[in-house]
Amino acid sequence: MASAAAIVPPPTDSPEARRYNRIRRWIGIADFVFSLGLMVALLATGWSGTLRDIAYKATFQHYSLAVFLYVLMLMILAKVLGLGLDYYSFRLEHRYQLSNLRLRGWIWDEAKGFLVGVILAGIVAELLYFIMRQAPQHWWLIAWAAFLGLFVLLAQLAPVVLFPIFYKFAPLENEELKARLVRLGERAGTRVRGVYQWKLSEKSKKANAALTGLGNTRRIILADTLLANYSTDEIEAVLAHELGHHVHRHIFKSILVQAGITFVGFWAANWVLHYAVDRLHVFETLSDFANLPLLMLVATVLSFLVLPLLNAYSRFNERQADRYAFRSIATIAPFISAMNKLAEQNLAERSPAKWVEWLFHSHPAISRRVAAAEAWAKAQPRTM
Ligand SMILES: [Zn+2]
């Protein structure tokens with residue numbers, strides 16, 4: 001053990017981290033099963049039809065208003081039934097000392113989230129059934145194109161409209177960090193449009209950073225919990241990683257991947273809907289919005305099926321951004337220490353089971369990211 005001082009032993013995961021992440025996975029699975037069950041129940045019991053009839057009656061047979069009322073009732077039902085699980089997640093973060101969010105703040109966030117959800121779902125449903133009524137033949141192709149436009153718009157608006165509903169942001173004021181970022185950007189031959197301090201500490205003890213937005217809203221956001229506890233070198237390593245996402249155009253590429261998946265999704269939805277209308281005669285027309293749970297069922301099952309593929313794609317992007325960071329910073333030591341700090345602060349599993357990583361993780365395990373950094377450094381010719 002005498003020579004072990006120079007080599008940091010690979011940190012192992014505490015039973016606490018394992019338990020916390022296992023519970024989080026179960027919450028995710030329970031949430032998925034719950035929404036699946038709710039949609040099946042609505043369809044099998046005919047309640048979806050009952051809700052549609054109520055919506056028609058209450059809006060004096062006005063189609064668009066009825067669609068909105070139906071969506072609203074569906075969302076209230078889902079929220080009320082799912083509230084227990086939401087509250088359990090809120091408590092879980094406290095139980096593991098990861099949260100700064102008080103009960104009142106949580107209720108306020110839930111209310112805001114619900115309202116934003118109703119507005120977004122309302123827009124999507126109105127658009128969908130409008131297209132179905134106007135073009136019953138090719139609705140799925142037109143809807144797919146419309147959704148793609150909506151995706152791009154949302155990606156662009158998210159950092160300036162959506163995120164500020166829940167968090168405060170302020171331009172980064174640390175001059176040293178700003179100068180380093182400009183240098184990183186120059187080396188990359190690109191200009192970073194903005195770096196913002198993300199006031200995460202009001203709600204969480206965890207740290208995070210991300211590249212968000214599209215076009216002129218594209219920016220790097222750094223949690224204040226990260227800025228407060230990490231050295232300038234470590235923050236630079238995180239910035240270099242986010243810059244890697246930017247240089248490799250990962251947001252744009254992810255939208256393309258989403259476009260491919262939703263194309264298949266709309267095609268499948270059209271097929272299932274026609275089967276339900278033409279063969280099973282459970283709905284009179286395509287545009288009978290009582291079939292919304294069926295469309296959601298198709299979307300949920302499909303997204304479940306492609307989840308491992310999407311996660312694998314995301315991990316590929318993360319590795320690419322990591323390699324970009326290795327090349328951009330002077331030494332990999334701050335990258336490794338930032339990774340270990342993040343794992344500790346967020347109670348992440350450094351080395352989850354292989355199947356867990358494959359199925360659930362959008363990022364490679366911390367142990368693998370650290371190992372990749374070390375392997376990269378070893379392969380470099382020494383300059384000193
Ligand atoms: Zn990343």
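The following dialogue explains how several features of this predicted model may be read.

Reader: How many helices and strands does the protein have?

Author: Helices (H or I, at least four residues) and strands (E, at least two) are DSSP runs, numbered from the N terminus. The protein has 13 helices and 4 strands. Its C-alpha atoms fill a box of roughly 75 × 45 × 35 Å, taken along the principal axes.

Reader: What share of the residues is buried?

Author: A residue is buried under 20% relative accessible area, exposed over 50%, and partly exposed in between (1.4 Å probe, protein chains only). Of the 384 residues in the protein, 41% are buried.

Reader: What share of the contacts joins residues at least 24 apart?

Author: A contact means heavy atoms within 4.5 Å. Among contacts between residues at least 6 apart in sequence, 75% join residues at least 24 apart.

Reader: How is the packing of two helices described?

Author: Two packed helices are described by the angle between their axes and the distance between the axes. The axes are lines fitted to C-alpha atoms, for helices over the stretch in contact, and angles run from 0 to 180 degrees between N-to-C directions. Helix H4 (residues 103-134) and helix H5 (residues 139-166) pack at an angle of about 160°, with their axes 11 Å apart. H4 is therefore roughly antiparallel to H5; angles under 35 degrees count as roughly parallel, over 145 as roughly antiparallel, 65 to 115 as roughly perpendicular and the rest as oblique.

Reader: Is the crossing of H4 and H5 left-handed or right-handed?

Author: A crossing is left-handed if the near helix is turned anticlockwise from the far one by less than a right angle, and right-handed if clockwise. The crossing of H4 and H5 is right-handed.

Reader: Which classes of residue form the contact of H4 with H5?

Author: Ala, Val, Leu, Ile, Met, Phe, Trp, Tyr, Cys and Pro count as nonpolar, Asp, Glu, Lys and Arg as charged, and the others, Gly among them, as polar. The contact of H4 with H5 has 17 nonpolar, 1 polar and 2 charged residues. On the H4 side, the residues include Asp-109, Lys-112 and Gly-113, and on the H5 side they include Trp-139 and Phe-147.

Reader: At what angle do H3 and H4 pack?

Author: Helix H3 (residues 63-95) and H4 pack at an angle of about 145°, with their axes 9 Å apart. H3 passes H4 in a right-handed crossing. The residues of this contact divide into 17 nonpolar, 3 polar and 5 charged.

Reader: How do the axes of H1 and H3 cross?

Author: These axes come within 11 Å and cross at roughly 175°, which makes H1 roughly antiparallel to H3. The contact of H1 with H3 has 14 nonpolar, 2 polar and 4 charged residues. Among them are Arg-24 in H1, and Ser-89, Leu-92 and Glu-93 in H3.

Reader: Where is Arg-24, and what does Arg-24 touch?

Author: Arg-24 lies in helix H1 (residues 15-45). Not counting residues up to four places away in sequence, Arg-24 touches Leu-92, Glu-93 and Lys-206. The C-alpha atoms of Arg-24 and Ser-89 are separated by 7.8 Å, although the two residues are 65 residues apart along the chain. Arg-24 counts as partly exposed because its relative accessibility is 42%.

Reader: Which residues coordinate the zinc ion?

Author: Donors are N, O and S atoms within 2.8 Å of the metal (3.2 Å for Na, K and Ca); water is not among the atoms, so sites may look incomplete. The zinc ion is coordinated by His-241 (NE2), His-245 (NE2) and Glu-318 (OE), at 2.1 Å. In sequence these donor residues are spaced H-x3-H-x72-E. His-241 in helix H8 (residues 232-247) and Glu-318 in helix H10 (residues 292-328) are 77 residues apart, and the pair links distant parts of the chain. Both His-241 and Glu-318 are buried.

Reader: Is Phe-60 buried or exposed?

Author: Phe-60 counts as exposed because its relative accessibility is 73%. Phe-60 is in the loop between helix H2 (47-58) and H3, and its phi is near 55°, a positive value in a residue other than glycine.

Technical notes. Residues numbered from 1 in each chain as written. Predicted model: local features only at pLDDT ≥ 70, side-chain atom pairs only at ≥ 80, totals over all residues. Heavy atoms only, no water.
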